[in-house]
Amino acid sequence: MKTAVVPPRPDLSGFDGDPADLIPVLQTIQSLDGFVSEESVRLVSRWLKVSENEIYGVATFFSQFRFTKPGEHVIRVCLGTACHVKGGEQIMDVFRRRLGIEPGDATPDGKYQLERVACLGCCALAPVLVVDARVHSQASVLKIQNLLGRQASGEDS
Amino acid sequence: MKTLDAPRRRALKSWSGLQNREDPVLYVGAASCGLAAGAAEVTRAIEEHLAARGFRADIVRVGCIGPCYLEPLVDIQMPGKPRVSYSNVTPEIACALLDAFLERGEVFRRHLVGHLGEDGYGGIPRFFDHPMLARQARVVLRNCGIIDPASIDHYLARDGYEAIESALSRSWTDVLETVKSAGLRGRGGAGFPTWRKWLTCRETESDCRYLICNADEGDPGAFMNRSLLEGDPHAVLEGMLIAGYAIGASHGYVYVRAEYPLAVQRLRTAISQMREIGVLGERILGSDFSFDIRIKEGAGAFVCGEETALIASIEGRRGMPRTRPPFPASEGLWGRPTIINNVETLGSLPSILRNGAEWFSQYGTETSKGTKTFSLVGKVRRTGLIEVPLGTTLRTVIYDIGGGLVKDFKAVQSGGPSGGCLSEEFLDSPVDYENLAAAGSIMGSGGLIVLDANTCIIDTAKYFLNFTQAESCGKCVPCRVGTRHLVGILERISQGKGQLSDLDRLEQLAKAIKGGSLCGLGQTAPNPVLTALKYFRSEFLAHIVDRRCPAAVCRDLVVYRIRKEKCTGCQRCVQVCPTGAITGPRSEPHNLDLEKCIKCRSCYEICRFDAIAGDAIVIESGA
């Protein structure tokens with residue numbers, strides 16, 4: 001069923017109000033805003049004629065969507081099989097300990113966001129992590145401690 | 001019918017122009033793996049160095065050629081000479097390489113792997129004679145790492161879109177017959193004969209049919225589909241045209257993981273190039289066949305690799321599977337007949353149509369024809385993407401191609417979270433659908449993770465169950481609750497709190513989950529536990545009876561110890577210890593307070609990488 005309602009935001013003009021586009025619409029919103037806010041769920045609900053409940057049902061099903069503002073720098077630690085076998089969990093632990101947060105959370109100052117990712121597909125170079133857009137391969141506990149040290153002293157990652 | 005003669009002529013000119021360029025050409029492996037290893041920095045260094053020294057050269061970004069452990073790979077092609085490939089190139093090595101070739105006219109010798117094409121130097125080995133590549137057969141991966149994936153001309157020049165031209169001049173039954181006699185089976189894991197699925201779809205009356213390319217490569221530890229999409233997207237898209245023609249579909253979708261941004265970008269570029277030369281859209285090449293392709297990005301749910309869950313997610317709903325039958329081939333997307341084929345299945349089609357069924361079925365075994373790509377990772381020396389004829393033994397894959405292990409072999413894990421850990425006794429059995437299933441594992445999409453003596457089987461099983469437990473969609477109780485209990489029991493065992501009765505409990509629970517789940521996720525989720533119990537029972541007993549982890553992995557069952565005779569007292573471990581558990585004055589052996597030690601591994605690593613003290617800190621089993 002198509003609705004003729006104009007998109008609630010100009011940056012969603014690529015969509016024509018088809019409820020089947022719910023997931024791509026939410027993906028677009030998240031890529032622009034960094035997260036899916038309550039406000040945008042309300043807007044999308046009215047536009048696509050899908051209840052807010054249903055939108056949350058779909059959005060929480062998929063691990064990609066987040067509902068709080070992410071930290072400034074996003075650290076994604078890969079915990080795929082190859083990374084696990086080569087010590088990815090220990091790398092996650094260093095971040096947990098040093099940043100004092102759990103995966104999925106942001107530091108209170110909003111500077112760092114910690115995420116786990118199922119597999120980045122760079123398994124041959126495990127363990128792997130991504131800081132913002134930069135991939136760090138063959139990571140070790142030591143390399144991470146140095147990296148965090150550099151970040152803290154304000155150098156580029 | 002229109003032909004592709006004109007675009008192909010242009011393409012051949014551009015491709016041979018690249019081969020016979022007056023200026024040198026540099027090829028940089030710039031797939032995700034290459035970029036992770038630093039290809040972007042190397043490319044920047046090359047560009048800067050060329051500019052600074054006033055050298056002229058072209059740079060071509062290619063996909064992944066396979067040996068990821070050699071990344072970043074850079075090839076240089078001097079005028080009239082073949083491409084010569086260099087491994088593990090850093091910005092410094094890239095500059096030295098350029099100076100050698102461009103300034104001094106010499107062949108750079110360090111980091112040299114081999115040449116591609118005809119030998120033009122004498123004495124340089126062939127790239128494809130490298131031990132990792134010599135035993136491989138490149139059918140699906142034939143263009144990966146060779147061509148620029150962003151150029152349709154390169155694909156066309158290497159016989160691209162010839163297969164769809166020939167398919168369109170034949171009847172759909174003829175195309176289906178070719179795929180049938182080639183013996184192609186689904187490469188996504190289950191190995192269902194491709195033609196049979198197609199025929200069901202074609203024979204179902206409908207006003208419209210759909211084709212979906214399943215690029216939701218969710219198995220952790222597998223990246224074959226990513227590499228193919230990044231390195232040769234047109235091969236997969238041409239495969240979609242062929243499948244679409246055979247089943248009579250008018251619309252195609254590529255359902256691709258959002259974690260693969262480069263693959264998505266390559267697909268977008270390729271699709272718009274297809275439109276330009278008229279192999280996508282209305283009445284393709286003047287025939288009656290109209291077909292369009294859209295990209296759908298997944299949103300991170302492993303269960304969406306399952307056909308009905310994938311369909312639900314394309315329709316904008318929660319990705320939860322439904323009962324089958326009806327199978328998607330008769331009732332799928334929007335209730336219409338739908339075929340879902342894996343990336344590699346589709347990527348095999350152009351080669352089959354171009355070279356014939358007989359050519360394809362020369363590879364493989366009686367029941368499993370053709371080649372299969374695998375991602376060979378874990379504790380093996382040479383990691384990367386490989387393609388071998390089906391029926392190749394695990395020993396050939398792990399030892400001849402992978403170069404073996406540093407430590408002792410323990411197991412190889414195939415099939416991701418749906419597969420299992422196979423022990424040494426399976427090393428000489430040929431890898432095909434039937435053999436792996438008989439052993440209690442599955443072929444899966446092609447992840448092969450090699451485990452050595454330092455890997456704990458209980459920890460590995462726990463890892464996979466944690467994964468499936470988190471990814472279970474929650475629809476079937478045995479899967480939702482059962483996997484959670486499996487994790488709980490494994491957790492207990494790994495903490496040294498297990499009982500012998502836990503082993504029976506694991507087995508009972510596993511069988512209940514397998515029998516009581518709707519979709520493949522639940523039906524196969526217990527495989528890692530079942531194979532572990534079957535082939536590595538002694539390791540369970542060590543954890544339960546002796547309360548020790550033989551691989552020294554399970555955190556509750558290991559201790560850290562400083563070997564006084566080795567410790568030089570350099571204090572580096574004191575500096576990295578987050579809890580102050582290590583103390584001691586400089587130049588004297590340090591002390592480790594086990595009460596304070598949280599087993600974070602920092603001291604172990606800093607000590608191991610230190611040339612002077614070496615391995616003064618050890619992790620031992622025993623609480």
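Visitor: What makes the crossing of α9(B) and α11(B) left-handed or right-handed?

Guide: The rule is that a crossing is left-handed if the near helix is turned anticlockwise from the far one by less than a right angle, and right-handed if clockwise. The crossing of α9(B) and α11(B) is left-handed, so the near helix is turned anticlockwise there. Before we go on, this is a predicted model: local features need pLDDT of at least 70, side-chain atom pairs count only at pLDDT 80 or more, and totals for chains, interfaces and linings use all residues. Residues are numbered from 1 along each chain as its sequence is written, while chains are lettered from A and ligands numbered from 1 in the order in which they are written.

Visitor: At what angle do helix α9 and helix α11 of chain B pack?

Guide: About 35°, with the axes 8 Å apart, for α9 (residues 224-231) and α11 (residues 261-277) of chain B. Axes here are lines fitted to C-alpha atoms, for helices over the stretch in contact, and angles run from 0 to 180 degrees between N-to-C directions. The helices themselves are DSSP runs (H or I, at least four residues), as strands are (E, at least two), numbered from the N terminus.

Visitor: Which residues make that contact?

Guide: R226(B), L229(B) and E230(B) come from α9(B), and L262(B), A263(B), R266(B) and L267(B) from α11(B). They count as in contact because two residues qualify if their C-beta atoms, placed from the backbone, lie within 7 Å. By class there are 4 nonpolar, no polar and 3 charged residues. Ala, Val, Leu, Ile, Met, Phe, Trp, Tyr, Cys and Pro count as nonpolar, Asp, Glu, Lys and Arg as charged, and the others, Gly among them, as polar.

Visitor: And how does α3(B) pass α4(B)?

Guide: In a right-handed crossing. Helix α3 (residues 39-53) and helix α4 (residues 91-103) of chain B pack at about 40°, again with axes 8 Å apart.

Visitor: How many bridges join β4 of chain B to β5(B)?

Guide: 4 bridges join β4 (residues 83-86) to β5(B), and the two run antiparallel. With at least two bridges required, they therefore count as a pair.

Visitor: Over in chain A, which way do β1 and β2 run, parallel or antiparallel?

Guide: Parallel: 6 bridges join β1 (residues 73-78) to β2 (residues 112-117) of chain A, with H73(A) partnered by Y112(A). β1(A) also has 3 bridges to β3 (residues 129-131), and that pair runs antiparallel.

Visitor: What share of chain A is buried?

Guide: Buried residues make up 38% of its 157 residues. A residue is buried if 20 or more other C-beta atoms lie within 10 Å of its own, exposed if 12 or fewer, and partly exposed in between, with C-beta atoms placed from the backbone.

Visitor: Finally, how many residues of chain B are in contact with chain A?

Guide: 45 residues of chain B are in contact with 38 residues of chain A. The largest share of the chain B side, 5 residues, comes from α2(B). That side divides into 22 nonpolar, 14 polar and 9 charged residues.
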